[in-house]
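Please read it with the coordinates open.

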Amino acid sequence: MFRETPSRRQMALIAIRSARYNRRISAQSSTLSTSRCFRKGSKFSRNHGVSFQAEPTAEAVDDSDTIGRHCTRTYVLAYEGQCHLILGQAKQSIGVLETVLGAWPSAYRQDEGLARTWLATGYAHLGRIEEAAEQGEKALTIAFDAGSLRLIKALGRVNHELGSRRVTDEAQRFRDRLAIADQVVGRMGQ
């Protein structure tokens, strides 16, 4: 629990600062374990006026040598890009995400799809329709290949952003493919 409930904007700012803090830590070590992320995050949170009542339990931390290996510098930077997007800073988000996706590790395809979804949303927000559709298509292909319902649902934000913009052939093709994927997801949920 927080001493006072922070706003969405405050939480996004905290997440950006935390991502930057963790990025500096990850420069010292190629990966971060869950327990190290938590300890550093707790210190960060205390320094920025956010306190948590509960410490992690043994079940939550689990094996610190195996949990959190995906928390690489690239992964943390992708979430920094998402935080910029949440704050309405699409231009900064795009800059971070383009850089991150240029060096994305091939082992984390679903997370790549999520980062591409955020990038597509940023492009759409700035009216860069063809680029948004291209990234949306790439994320949708990853979602199909991985069978990821989470990615298909996340792409709904891109679809929403594109719905309020001029329609191009590429954007319409993406929206049509996503509509089919949404129908499949809907049937699976029944």
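1. Salt-bridge network. Arg-109, Glu-112, Arg-116 and Asp-145 are linked in a network of salt bridges. A salt bridge here is a side-chain nitrogen of Lys or Arg within 4 Å of a carboxyl oxygen of Asp or Glu. The structure holds nine salt bridges.

2. Basis of the values. This is a predicted model: local features need pLDDT of at least 70, side-chain atom pairs count only at pLDDT 80 or more, and totals for chains, interfaces and linings use all residues. Residues are numbered from 1 along each chain as its sequence is written, and side-chain values use heavy atoms, with hydrogens and water left out.

3. The Arg-109 to Asp-145 bridge. The closest N and O atoms of this pair are 3.9 Å apart. Arg-109 sits in helix H6 (residues 109-125) and Asp-145 in helix H7, so the bridge ties together parts that are 36 residues apart in sequence. Arg-109 is partly exposed, at 37% relative accessible area. Asp-145 is exposed, at 60%. The classes are: buried under 20% relative accessible area, exposed over 50%, partly exposed in between (1.4 Å probe, protein chains only).

4. Glu-131 and Arg-128 meet in a salt bridge, 2.7 Å from N to O. Both partners are partly exposed: Arg-128 has 32% relative accessibility, and Glu-131 has a relative accessible area of 29%. Arg-166 forms a salt bridge with Glu-130, with the closest N and O atoms 3.6 Å apart. Arg-166 lies in the loop between helix H8 (149-163) and helix H9 (169-188), and Glu-130 in helix H7, so this pair ties together parts that are 36 residues apart in sequence. Glu-130 counts as partly exposed, at 35%.

5. Helix H7. Buried residues of H7 include Ile-129, Gln-135, Glu-137, Leu-140 and Ile-142. Gly-147 follows H7 and has a positive phi, near 65 degrees.

6. Helix H5. The same check works here: the 13 residues of H5 (residues 90-102) should span 18 Å, and the end C-alpha atoms are 18 Å apart. Ala-90, Ser-93, Ile-94, Val-96, Leu-97, Val-100 and Leu-101 are buried in H5. These buried residues pack against helix H4 (73-86), H6 and H7. An α-helix has 3.6 residues a turn, so residues three or four places apart point the same way.

7. Aromatic cluster. Tyr-75, Tyr-79 and Trp-118 form one aromatic cluster. Rings of Phe, Tyr and Trp (its six-membered ring) pair if their centres lie within 6.5 Å; planes under 30 degrees apart count as stacked, over 60 as edge-to-face and the rest as tilted. The structure holds two aromatic pairs. Tyr-75 and Tyr-79 have ring centres 5.0 Å apart and planes at 50 degrees, so the pair is tilted. They are four residues apart in helix H4, about one helical turn. Tyr-75 is buried, at 17% relative accessibility. Tyr-79 is partly exposed, at 25%. Tyr-79 and Trp-118 have ring centres 4.9 Å apart and planes at 70 degrees, so this pair is edge-to-face. That pair links distant parts of the chain: Tyr-79 in helix H4 and Trp-118 in helix H6, 39 residues apart. Trp-118 is buried, at 9%.

8. Helix H8. Is His-160 buried or exposed? His-160 is exposed, with a relative accessible area of 60%. It lies in H8. The C-alpha atoms of His-160 and Thr-121 are separated by 9.0 Å, although the two are 39 residues apart along the chain. Glu-161, also in H8, counts as buried at 11% relative accessibility. Beyond its neighbours within four places in sequence, Glu-161 is in contact (heavy atoms within 4.5 Å) with Thr-121, Ala-124 and His-125.

9. Whole protein. The protein has nine helices and zero strands. Helices (H or I, at least four residues) and strands (E, at least two) are DSSP runs, numbered from the N terminus. Of the 190 residues, 42% count as buried. Residues 24 or more positions apart account for 67% of the contacts with a separation of 6 or more. The protein exposes about 10800 Å², and carbon and sulfur atoms supply 49% of it. Accessible areas come from the Shrake-Rupley method with a 1.4 Å probe; for residues, only the protein chains shown count as cover.

How values were computed: The expected span of a helix is 1.5 Å times one less than its number of residues.
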